[in-house]
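Please read them alongside the sequence and the coordinates.

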Amino acid sequence: MTTLPQTRRPDLKTSLPGPRSQEIMARDAARLSTSYVRPYAFVPDFGNGVWLTDVDGNTMLDFFAGIAVSTAGYNHPHIVKAITEQAGKFMHVCLSDYPQEPTTLLAERLLKHVEKPGEPWRAFFGNSGAEAVEAAVKLARHHTGRSHIISTLGSFHGRTYGALTLTGSKTKYKRGFGPMLPAVTHVPYPNPFRPPFNSTPEHCGDAVLDHLRTLFQTVIPADEVAAFIIEPMQGEGGYIVPPMGFLKKLRHLCDQNGILLIFDEVQSGMGRTGKMFSFQQFEEYGGVQPDIITLAKGMASGMPISAMLAKESVMTWPKGSHGSTFGGNPVSAAAALATLDLLEGVVKHPGCGDSLMDNAAQVGAFMLAELKAMQGRYSFLGDVRGKGMFIGLEFVDAQGQPDGKLRDRLSQEMFNAGLLNLDCGESVIRVSPPLILTLEEAKTGLEIMRRVFERQL
Ligand SMILES: Cc1ncc(COP(=O)(O)O)c(C=O)c1O
């Protein structure tokens, strides 16, 4: 493996955006879809490790990983090698029609992380998170013969019609696009920092489940519900960790009513929280097993691929009922296998302990502790939460209400100081760096944050 970069600092050679960036941004603005957001003036040219350099030569530290995607950072030699080798063999022979080794291996290795003795699972591969969610919902309806799906407020499941209907975070995603899929209901997410139904941090999960029971008695016949879909840790909605024990109780309620439980791990999965899947963080509290899992984002360190994993007893749809031309592309599958090598520690990454999962847990715990310590000094830092390298910072005003304007300003200031970051929820900045982030690099990023916060006092 080639040597990866030594620890360094952001290196800004021009004010942002530089002249070349400005030129590309203007051409981009003239020709690309008007729906793209473009909150930050950065035009990447190349990356290395956790560092991204723009077309003007400005090098930034990456604390968002292309929305929790670049698991192994940029241009990781092990990932590049896997991609190059597979591209030299074949780049496409439709997986719906022809079995192929990279996806066979990938299924075997992914399923190992969820299977229990005597309970086999199977995998379906797609290209994006939304496609995995669509597959999950179609399978749940097909298997149960029921139509209704329950989702949560604040959730994000994708932009295609089914996934968009399930999404519960912002009306801007839906305005002008209706009608949505019928038979979808949203219930509040158990957010301990802002407990729904005037409950408490400890009991907000019970309050949500009581609400669900009421819905089953009044408006939604439980025997018409195919599935409950939930992010075990909510991503776009604000990097929220539900109370311990909630998922287990939800599992119980689903079982009582023959409802399938879908865990959308598109953002929180693939080692980001320090375990392969975020629901495994709750194992010491009795554990919980879903029926279906959706994965994408971090699976292949930047190459497009997604997976819908389901218990074999649930994956009962017949041949030809679902498929995808590009889904499970072999080059992406090779990148996913190489990503698993690093996550599991089969291949070691220098300076990252036994495995990238281990590194996410260790360095993430350090960051969480440091950020929690900052909370004491900065009253606008209302909440610091998360697991591993899935951390949310919620900004509040003097009354403790979400302060989105402050969040936006501080986020821009961090960006201007050389730290790539990204918002989520109403007033949250997410910390979701590549999982190869070292302790020294974490300290560099935290120091930028600290300086930005200090100026705000
Ligand atoms: C939890 C979750 N599910 C699904 C999706 C949709 O994934 P994609 O954008 O790849 O379609 C996202 C994207 O942010 C997500 O966070």
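**Notes on the chain and one of its sheets**

1. Of the chain's 457 residues, 56% count as buried, where buried means under 20% relative accessible area with a 1.4 Å probe, protein chains only. This is a predicted model, in which local features need pLDDT of at least 70 and side-chain atom pairs count only at pLDDT 80 or more, while totals for chains, interfaces and linings use all residues. Residues are numbered from 1 along each chain as its sequence is written, and side-chain values use heavy atoms, with hydrogens and water left out.

2. A compact globule of 457 residues would have a radius of gyration near 23 Å, and the chain, at 22 Å, agrees with this; the radius is taken over C-alpha atoms, and the globule rule is 2.2 Å times the number of residues to the power 0.38. Along its principal axes, the C-alpha trace spans about 60 × 60 × 45 Å.

3. The chain contains 12 helices and 15 strands, which are DSSP runs numbered from the N terminus (helices H or I, at least four residues; strands E, at least two).

4. Four of the strands form an open sheet of mixed pairing, in the order β1-β2-β3-β13. Because β1 (44-48) and β13 (419-420) stand at the edges with a single partner strand each, one side of each is left without a neighbour in the sheet.

5. Within this sheet, β2 (residues 51-54) and β3 (residues 59-62) pair in the antiparallel sense over 3 bridges, pairing being assigned if DSSP finds at least two bridges between two strands. Thr-53 stands opposite Thr-59 in β3.

Definitions and conventions: Buried means under 20% relative accessible area, exposed over 50%, partly exposed in between (1.4 Å probe, protein chains only).
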